[in-house]
Amino acid sequence: MSEPLLRVCSVTKNFPGVQALKGVDFELYPGEVHCLIGANGAGKSTLIKILSGVYRKDSGKIIHKGKEVEISSPKEARKLGIATVFQELDVVPYLSIAENVFLGDYPRRRGVIDYKEMLFKAQTLLKALGEEDIDPSLPIAGVSTAVKQLVVIARALALSAEVVIFDEPTAVLGIEEQQRLFRVIRELRRRGISVIYVSHRLEEIIELGDRVTVLRDGIRVSTRAISETNLEQLVEDMMGQPTKPKVKSELEVRIGSEEVVLSVMDLYSDFTRPKLKGISFSLRKGEVLGLFGFVGSGRSELARCLIGCFPPTSGRILIEGKPVSLVSPWKAMHLGLAMAPEERKSQGLFLDLSVSLNITLPTLRDVTRRGLIRWKEVNSVSEHFTKELEIKTPSLAQPVRYLSGGNQQKVILARWFAKRCKVLILDEPMRGVDVAGKREIAHLIREKAKEGVSFIVISSEAEELLEVSDRVAVMFRGQLMGIMDATRCDVAELLKLASGIKIGRFCSAV
Amino acid sequence: MVLGLSILNLKNKINKRAVLWLFDRYGALFILLIVFAFCSFLSPAFLSLRNMENLLRQSSFIGLLALGLLFVVICGGIDLSIASIFALSCTLCALWQHWGIYLGYVDKLSFLFPPFIIFLLCTLVGTGIGLLNGLAVTKLRVPDFIVTLGTMITVRALAFSVTGGQTVFGVSEETRFIGAGTIFGVPFPVLVWILVTTVGYLTLQHTPLGVELFAIGQSKEAAIVSGILVDRVKLFAYAFSGTLAALSGVMMAGRLDSGEPRVGDGYELLAIAAVVIGGAPLSGGKGSVVGTLVGVLVLGSISNILNLLGIHPYPQMIFNAIVLLGAILLRAYLGSHE
């Protein structure tokens, strides 16, 4: 092959407490689709953020067309011809498609924006991508995510980019839209533009890529030609040595309970994105059900549907055998069902309220006398739970803002334990928590499960999930791909299911 | 001098967060002390008992508006319609007391009895408008600023319409009492202000509803997920705000001895200023009854001292604006060190 267009040499990047990249090498040749894969925390997004000028590398070299360059800002990256299509598409909703294509660099005539020229050029660029039906004069707010993505790609063309980086572009797309995107990416390749394609979904990579680089824990494990590799090999590269889940001694005790607390039958919802399609499962008393899936698989949407944030379109939900209609989180809470959301700080906690109030907020209405809160009781409840959950805080009056991630998570758990919830849905409970905190939270979940609380734990970390769950359900594009016994499956199987690849065995839905 | 030095030393020793904490707690009180000191320096008459009574009476009307507004602001909203509700209720209170008005005359003979029913009705009109505000904000999901701006204009127009733009002169004995009378030397509106402030304090600090208001203001998403009936709580806040505005308006009718649709022009801005000076950011989630009380008194003192000094009412607004900007800047300055 010729000289690489872009060469990354032993680049490192530290964040407080983590070394995200420990000396990564990476080469990109002209006109290739180079896929970048790895488990969560492998360093994929850090690497592309360094290439697109969002982060600055700590050490190492980036060589562009044989010359060493310093990409210190997104503007710098653009100058080098590197454009990035992030998951959060940076479009201005009130402007038209054409205006978004040329954002900040409009065609002008005598200092005035030349709208005719702009519309024409935008049309030409979209045509070049094989999209002739898009009217560039439409406001972008009204079009689908897929079209917005195309607009951002067209913008890259307008800047005559030589490298286009995609960050999980299909996470928000449907199947047809995905095929359309692939066609566009192939078109880019045909024009000699290099593509870096980051994705979780292995089957896409096999379909689309020329070469693939696997990252693990901030280093490059391998770079292979797609034609010479297969799924098994890639999964193995991502995971390291084939992992065997640890045998959990208390397992027999846990499976013993046959009492079903929550069962979901054939749940459909058109209000979520992706739509939920025919979800059925049941949850026993004291069971921990893992819910695995990549971003965009619908796992968080399922959780939100279960606590009444999104209404289901059809299907039945039974709590302890009784059919219920969950219309609001308030209703769900009173039926014993609650959630700790993924965005802990913005959606779970009240940062400036005290630890004590954060724990007892839903319980306050139960501890009043003549309308006034009995603070003694509030304090004793929150003291009890801070002790039991070992929440480290200087005092109960401390605003929860100043607690560490792990302790904040425990505060949310304490909130629902205090409300005596029967089913708790935890969305990414371990994210942003240090190692010790993770272990404590996992331990806590197991302890409470023994006492009869049922959990649904959502995570995109397969290993973590196998560790803490009894069974793991895997989602893919709004569907439940299967429910696996946590002791009898491994990370690779979960990854395959989550990529939409059916495997021979899985336990029944119940 | 010694005190000054020790404060300086203290400032060096204790960390920034302690200063912030002190300001967060007692910042408004601190401003009030400065304003009081300054005012008594400018005019010795300021601290006289008579003037203090005057100050409190003047402040009590805005005080009620600001207290209601505080509830809305804490849960992250805004209510611009309070001054209009205040005017409507003032006008209705006088209007409804005279059946004779429909026959073309107003005098003692046309008083309707009992007036308390009329007070209650006028206050309920405020509650009703507040509920409409709340419903539009929560159910129709119209931005609160727009909704209450609309109500502000409509309700003010309504106040003018019901009397055809005229002032209704003359209200009953009882009405004059609740507006201008005293009990043991304390003006009646001040007593109402104290009572309502106490109730407001208890509600905010010691009931689940109060805590939920703060929670909603800090994060609406988190409040929903935490099983708080966000819409219902917000509805309450708007209704409360409307009720207090109307209550204040009823007493104003007594104080003016007339129903005046022009009354309270710009009071919503004064109330907002008082709430903000009292430490409640308009982004919601914070605020206190004591702070708002102090904010009202600070603004009241300024207008009072300017009156004592013989300065016209219109330039007075400029001073109010300066204090408001000063308070916000000070808060922003201290906040930037966080």
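How many residues of chain B are in contact with chain A, and how many residues of chain A are in contact with chain B? In this predicted model, 18 residues of chain B are in contact with 23 residues of chain A.

**The interface seen from chain B**

Three helices of chain B each supply at least two residues to the side that touches chain A: helix 8, helix 9 (208-218) and helix 10 (220-225). Helix 9 of chain B gives the largest share of that side, five residues. By residue type, the side of chain B that touches chain A divides into nine nonpolar, seven polar and two charged residues.

**Helix 7 of chain B**

Helix 7 of chain B spans residues 173-180, and its buried residues include B:Thr175, B:Ile178 and B:Gly179. These residues are on the same side of helix 7 of chain B, because they cover an arc of only 100° around the axis. An α-helix has 3.6 residues a turn, so residues three or four places apart point the same way. The cover over the buried residues of helix 7 of chain B includes helix 4 (82-95), helix 5 (115-138), helix 8 (188-206) and helix 11 (230-256) of chain B.

**Domains of chain A**

Chain A is divided into domain 1, residues 6-239, and domain 2, residues 251-498. Between the C-alpha centres of domain 1 and domain 2 of chain A there are 35 Å. Eight residues from domain 1 of chain A and eight residues from domain 2 of chain A make up the contact. On the side of domain 1 of chain A that touches domain 2 of chain A, four residues are nonpolar, two are polar and two are charged.

**A helix pair in chain A**

How do helix 4 and helix 5 of chain A lie relative to each other, roughly parallel or roughly perpendicular? Helix 4 of chain A covers residues 115-128 and helix 5 of chain A covers residues 145-158; their axes come within 9 Å and cross at roughly 105°. Angles of 65 to 115 degrees count as roughly perpendicular, and helix 4 of chain A and helix 5 of chain A are therefore roughly perpendicular to each other. Helix 4 of chain A contributes A:Ala122, A:Leu125, A:Leu126 and A:Ala128 to the contact, and helix 5 of chain A contributes A:Leu150, A:Ala154, A:Leu157 and A:Ala158. The residues of this contact divide into eight nonpolar, no polar and no charged.

**Two residues with positive phi**

A:Arg370 is found in the loop between strand 19 (368-369) and strand 20 (372-373) of chain A. Its phi is near 50°, a positive value in a residue other than glycine. A:Arg370 counts as exposed because it has 6 C-beta neighbours inside 10 Å.

A:Glu390 also has phi near 50°, again a positive value in a residue other than glycine. A:Glu390 lies in the loop between helix 14 (375-388) and helix 15 (405-418) of chain A. Is A:Glu390 buried or exposed? With 12 C-beta neighbours inside 10 Å, A:Glu390 counts as exposed, since the limit for that class is 12 or fewer.

A:Pro30 has its place in the loop between strand 2 (18-28) and strand 3 (33-37) of chain A. With 17 C-beta neighbours inside 10 Å, A:Pro30 counts as partly exposed. Leaving aside its neighbours within four places in sequence, A:Pro30 is in contact with A:Ser2, A:Leu5, A:Gly192 and A:Ser194.

A:Lys277 belongs to strand 14 (residues 276-284) of chain A and counts as partly exposed, with 15 C-beta neighbours inside 10 Å. Beyond the neighbours within four places in sequence, A:Lys277 is in contact with A:Tyr268, A:Gly478 and A:Gln479.

A:Arg431 lies in the loop between strand 21 (423-427) and helix 16 (435-450) of chain A. A:Arg431 has 19 C-beta neighbours inside 10 Å and counts as partly exposed, because a buried residue needs 20 or more.

Definitions and conventions. Residues numbered from 1 in each chain as written. Chains lettered and ligands numbered in written order. Predicted model: local features only at pLDDT ≥ 70, side-chain atom pairs only at ≥ 80, totals over all residues. Helix = DSSP H or I, 4+ residues; strand = E, 2+ residues; numbered from the N terminus. Arc of directions from axis to C-beta. Contact = placed C-beta atoms within 7 Å. Domains from an automatic or database assignment. Nonpolar A, V, L, I, M, F, W, Y, C, P; charged D, E, K, R; others polar. Axes fitted to C-alpha atoms, helices over the stretch in contact; angles between N-to-C directions. Parallel < 35°, antiparallel > 145°, perpendicular 65-115°, else oblique.
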